[in-house]
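I opened the model to go through its strands, helices and chain contacts. My entries follow in the order in which I looked things up.

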Amino acid sequence: MSDLLYSDVELSLRDSVRAALRRHAPQEATARLYDDPSAGSSAAWAPLARDLGLAGLLIGEDHGGAGASAREAAVVLEEIGRAVAPVPFLTSAVIATTALAAAGDETFLPSLATGDATAVLVLPWSARAGAWQAGVPGADIAPVAGALDADLFVVPLAGDNELELRGYSRDEVEMTALTSLDMSRQLAAVRTNGDGRLLLGGASATQAVNEALSCGQALLASEQYGIAAWCLETTVDYVKTRIQFARPIGSFQAIKHRLADLFLEVTQAGAVARYAADTRARGDADAATAQALAQAYCSDIAIRAAEEALQLHGGIGMTWEHPVHLYLKRAKADQLALGTPAAHRADLAELVDLPA
Amino acid sequence: MDNARDVIERVDDLLFQHDPGRLSTEEFLGARFDAGLAWVHFPEGLGGLGLPRELNAVVEERLVEAGAPAPDVSRNGIGLGMAAPTLLAFGTEEQQHRYLRPLFTCEEIWCQLFSEPGAGSDLAAVATRAVLDGDTWVVNGQKVWTSGAHNAQRAILVARTDAHVPKHAGLSYFVVDMSDPGLDVRPLRQITGEAEFNEVFLSGVRVPDADRIGAVGEGWKVATTTLNNERVAIGAGADREAGQIGLVARRWREEPELRTAAAHEELLHWWVEAEVTRIAGERLRQQMAAGQPGPESSAMKLAFAQQAQAITGFALELDPDAGLLYDDWTMVRSASASFLGRGPGFRYLRAKGNSIEGGTSEIMRNVIAERVLGLPAEHRPDKGVPFNEVPR
């Protein structure tokens with residue numbers, strides 16, 4: 001069975017990431033992205049990518065990365081979720097990096113490892129492993145997450161006979177920013193211009209894309225757990241101090257019981273996200289099941305936690321001023337990203353032999 | 001790990017000297033106790049070796065491989081899961097030596113005399129009284145929801161020894177000999193038709209003071225330890241599809257004619273819930289083995305009850321014609337609790353108790369909210385008030 005706890009190294013990574021996000025990705029700055037998207041993610045991302053080495057966390061040491069596993073990346077994503085941070089760790093350092101590594105890339109990984117470049121796998125953000133369509137050269141691919149601040153575009157394109165995975169630089173694509181439900185991960189329409197550079201073709205290209213999406217799916221669950229954990233903790237703190245009817249509202253059973261239920265769900269989300277990360281890290285035979293399970297569960301729990309947080313904050317939760325809306329929007333977008341819970345349940349049905 | 005190797009050697013030695021194939025279950029379990037392999041984390045001489053708790057898994061795995069018999073938890077769950085840890089924590093050496101061995105071999109089955117008609121969720125409100133007469137306590141009162149009382153040789157009892165102090169401070173904890181003539185055990189029939197539980201009437205039951213566990217007035221502290229053990233035991237998981245979901249999943253695979261699109265959605269929903277709870281339970285065990293606090297054991301029980309009820313209800317809908325029937329309404333006094341046995345109708349009805357027994361789901365939510373999340377406590381009008389002045 002999996003080791004579902006955190007090692008000392010993972011706990012210290014968590015502390016550093018949490019501290020860095022508090023300094024470089026405050027919620028007020030993320031809220032401002034809704035009014036002024038041009039600020040982008042680089043101010044928050046550059047120090048994490050370079051100083052903490054998060055850009056190269058999953059890249060092998062031979063390419064200048066840290067050679068860490070999905071377990072450590074999951075710890076980072078928990079913190080990113082907690083901070084609702086607008087950084088391209090998942091899209092660049094996890095998904096695009098996994099695609100490039102699976103494609104045997106030697107050229108781009110070293111510059112990704114140092115944080116000098118940021119990459120994106122150009123597919124609609126709703127794509128999931130085994131269920132995506134390659135783009136068509138010269139046509140819009142949308143909505144793509146993590147593209148706006150990217151330097152390298154890894155694009156699955158329908159070639160003449162087979163799938164081609166092609167690399168494009170920033171000046172070889174046309175990009176339109178899209179007004180997004182979740183502006184902490186703003187989406188874009190991307191269109192290729194010219195031929196770029198062939199990275200990989202055929203069945204192995206398909207496999208590289210599936211591998212990248214699988215890894216993203218397994219680890220998105222940890223971001224969703226982080227969102228849910230913040231919502232629970234913030235709400236518990238709030239109901240202890242909010243006084244109505246001359247008592248803290250957290251003394252009412254109607255509220256205590258809702259939070260107890262939410263505690264159960266958030267705790268379970270944490271366990272199953274950890275299971276997905278650990279099975280992925282070890283290449284365990286149960287990794288695919290764990291990933292579908294974690295996605296089916298954590299997607300909905302992140303939203304439930306954000307919705308409960310909003311409701312239990314009452315009027316203040318409905319205001320622009322309070323950060324809970326940032327979490328609600330991120331949670332809802334994360335639910336639709338990389339496959340909906342229903343799609344993951346359908347995957348699960350096949351994986352555990354419970355056919356429709 | 002040296003300890004693990006040492007333990008395996010001791011198990012092999014036990015198996016060599018006491019062939020389970022030739023001995024009765026009681027004889028083999030007695031030898032296992034004497035070898036310190038009953039609970040390795042217990043002290044030497046009391047069924048243990050003073051080793052870390054997680055080595056019990058090593059012992060059990062080795063014994064299962066060898067086909068050796070294990071103590072029957074379904075018959076003696078109260079003894080093994082609750083009385084033994086309580087005796088270890090609070091019993092005198094004399095009590096530990098007298099009770100632990102026959103408890104482990106299941107020669108003595110234990111039951112629990114805690115709940116009363118007027119003390120369910122509010123367990124500290126028990127009214128059964130114990131009055132000291134020389135060196136013997138005389139006990140009068142009524143207990144309820146006592147599973148296995150009709151098969152038990154011993155009971156753990158919480159009774160009021162002082163009504164002039166607030167409710168928690170006036171309780172004491174005893175071991176009762178179930179052959180006492182003052183005990184009247186009557187079956188309590190439940191909605192399933194069977195009587196898994198009993199009502200127990202105590203009239204002048206005599207308990208030697210030597211059978212008191214913990215100090216007079218400390219019964220609440222002792223009982224709380226026991227109840228925490230119960231919650232962990234109830235919330236513990238097992239292999240994938242080991243619970244109610246496994247029964248439904250197997251039918252789904254074996255009988256394609258039952259499948260509908262709506263049922264498929266519901267099946268997958270509950271499969272996910274059950275599996276996630278199983279993984280969270282596994283993490284809880286890892287936390288506890290690593291000596292980290294596991295505040296979510298109350299939450300695990302909550303999840304277990306919700307799922308058992310929903311999944312057993314779903315199982316009836318899956319096969320409506322069969323769901324309309326029931327296997328047997330005959331009143332039987334079962335020797336053990338069974339959540340997975342008998343027909344789907346029985347399982348549906350029995351699961352209704354899962355959110356009541358061992359702490360209702362509402363109390364579990366209070367426990368989580370107050371002890372885990374630190375939310376303000378409920379208003380308690382009886383707080384600090386002597387028990388005999390509390391309106392009841």
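Which residue stands opposite B:Trp137 in strand 7 of chain B? I found B:Val207 opposite B:Trp137.

**Entry 1: what I am looking at.** I note that this is a predicted model, in which local features need pLDDT of at least 70, side-chain atom pairs count only at pLDDT 80 or more, and totals for chains, interfaces and linings use all residues. Residues are numbered from 1 along each chain as its sequence is written, while chains are lettered from A and ligands numbered from 1 in the order in which they are written. The predictor gives an ipTM of 0.94 and a pTM of 0.91 for the complex.

**Entry 2: confidence in chain B.** I looked up pLDDT, the predictor's confidence in each residue, from 0 to 100. The average for chain B is 91, and 96% of its residues score at least 70. Over residues 230–236 of chain B the pLDDT stays under 50, and the model has 19 contacts beyond four places in sequence for this stretch. A contact here puts the C-beta atoms of two residues, placed from the backbone, within 7 Å.

**Entry 3: domains of chain B.** The bounds come from an automatic or database domain assignment. I read domain 1 as 2–70, domain 2 as 110–219 and domain 3 as 236–372. Taken over C-alpha atoms, the centres of domain 1 and domain 3 of chain B are separated by 32 Å.

**Entry 4: strands of chain B.** Helices (H or I, at least four residues) and strands (E, at least two) are DSSP runs, numbered from the N terminus. Two strands pair if DSSP finds at least two bridges between them. Strand 3 (residues 136–143) and strand 7 (residues 197–208) of chain B pair in the antiparallel sense over seven bridges. Strand 6 (residues 183–188) of chain B also runs antiparallel to strand 7 of chain B, joined by six bridges. I found B:Arg186 opposite B:Glu199 in strand 7 of chain B.

**Entry 5: a sheet in chain A.** I traced an open sheet of four strands in the order 1-3-4-7, with mixed pairing. Strand 1 (119–121) and strand 7 (197–201) of chain A are the edge strands, each pairing on one side only. Strand 1 and strand 3 (residues 152–158) of chain A run parallel and are joined by three bridges. A:Phe153 in strand 3 of chain A is the bridge partner of A:Val120. Helix 7 (residues 203–241) of chain A packs on the sheet and touches strand 1, strand 3, strand 4 (163–169) and strand 7 of chain A.

**Entry 6: between the chains.** I looked up the interface: 32 residues of chain B are in contact with 31 residues of chain A. Helix 8 (261–289) of chain B gives the largest share of the side of chain B that touches chain A, 15 residues. By class, that side has 20 nonpolar, five polar and seven charged residues. Ala, Val, Leu, Ile, Met, Phe, Trp, Tyr, Cys and Pro count as nonpolar, Asp, Glu, Lys and Arg as charged, and the others, Gly among them, as polar.

**Entry 7: one helix pair.** Helix 8 (residues 253–282) of chain A packs with helix 9 of chain B at an angle of about 95 degrees, their axes 10 Å apart. Axes are lines fitted to C-alpha atoms, for helices over the stretch in contact, and angles run from 0 to 180 degrees between N-to-C directions. The two helices are therefore roughly perpendicular, a term for 65 to 115 degrees. A:Phe263, A:Leu264 and A:Thr267 make the contact with B:Ala299, B:Leu302 and B:Ala303.

How values were computed
Angles under 35 degrees count as roughly parallel, over 145 as roughly antiparallel, 65 to 115 as roughly perpendicular and the rest as oblique.
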